[in-house]
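Here is a short report on one protein and the ligand it holds. Look at the fold first, then at the ligand.

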Amino acid sequence: MPYANRPVDKDCVFCRIVAGAIPCARVYEDENILAFLDIQPIAPGHTLAILKGHYPTLLEVPPREAEGLFIALKKVAAAQLKVLGAGGFHCLQNNFPLAGQTVFHAHWHLIPRAAGDGLALWPGQAYESDKRMREVAEALHSHITAGRCGGQDE
Ligand code: 5GP
Ligand code: ZN
């Protein structure tokens, strides 16, 4: 999308980084994407990838942006593995304050992992029963297939 037509929020810190008003440690850039080091990394090389357009959460991101984003995420992650010697990486994305989102310009965290780095994520817990698990899946599936997820096809 041409720069002039992109949504922008002048008060958004990531829009200000895109505009060059705030510096960043750039890792990757193309016409629609910018990736730069997180200022408070969970691990060295922790990178944020953003669309240059201002979309507050994943729900506002137009699907047409997905391919370019995916290509960029793969480039950065592959570089983390090769250049930093990471043994793995997380690709995480927080949406809404309850999920820890603090910057309301959708962004993807690429966090390199090293053996013995001590990071502990995913405090997983089984459902109380298989029946409950199926009920949750069925409720979500019904909602989605009834076309009640606004914006999913835009
Ligand atoms: P969230 O919690 O919203 O998923 O992640 C926001 C991330 O943006 C945080 O990890 C935070 O360290 C990072 N961040 C916030 N402000 C800036 C900034 O001005 N520059 C950079 N490089 N990262 C930032
Ligand atoms: Zn923004």
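This is a predicted model: local features need pLDDT of at least 70, side-chain atom pairs count only at pLDDT 80 or more; totals for chains, interfaces and linings use all residues.

Residues are numbered from 1 along each chain as its sequence is written, chains are lettered from A and ligands numbered from 1 in the order in which they are written, and side-chain values use heavy atoms, leaving out hydrogens and water.

**The fold.** The protein has three helices and five strands. Helices (H or I, at least four residues) and strands (E, at least two) are DSSP runs, numbered from the N terminus. Along the sequence, the pattern reads α-β-β-β-α-β-β-α. The C-alpha trace spans about 50 × 45 × 25 Å along its principal axes.

Why does the span of helix 3 agree with expectation? Helix 3 (residues 130–145) has 16 residues, so at 1.5 Å a residue it should span 22 Å, and its end C-alpha atoms are 22 Å apart. The expected span is 1.5 Å times one less than the number of residues. Gly147 follows helix 3, and its phi is positive, near 70°.

**The ligand site.** There are 16 residues around ligand 1, and Asp38, Gly100, Thr102, His107 and His109 come nearest. A residue counts as near if one of its heavy atoms lies within 4 Å. By class, this shell has eight nonpolar, seven polar and one charged residues. Here Ala, Val, Leu, Ile, Met, Phe, Trp, Tyr, Cys and Pro count as nonpolar, Asp, Glu, Lys and Arg as charged, and the others, Gly among them, as polar.

| Ligand 1 atom | Polar backbone atom of | Distance |
|---|---|---|
| nitrogen | Ile39 | 3.3 Å |
| oxygen | Gly100 | 2.7 Å |
| oxygen | Val103 | 3.1 Å |

Helix 1 (13–18), strand 2 (33–37) and strand 5 (107–113) are the elements that give two or more residues to the shell around ligand 1. Helix 1 gives the most, with three residues.

**A loop residue.** Asn95 lies in the loop between strand 4 (88–92) and strand 5. Its side chain reaches the backbone nitrogen of Leu58 at 2.9 Å. The Asn95 side chain also makes a polar contact with the side chain of Gln93 (2.8 Å). A polar contact is a pair of N or O atoms within 3.5 Å; within protein, one must be able to donate a hydrogen and the other to accept it, and residues adjacent in sequence count only if both atoms are side-chain atoms.
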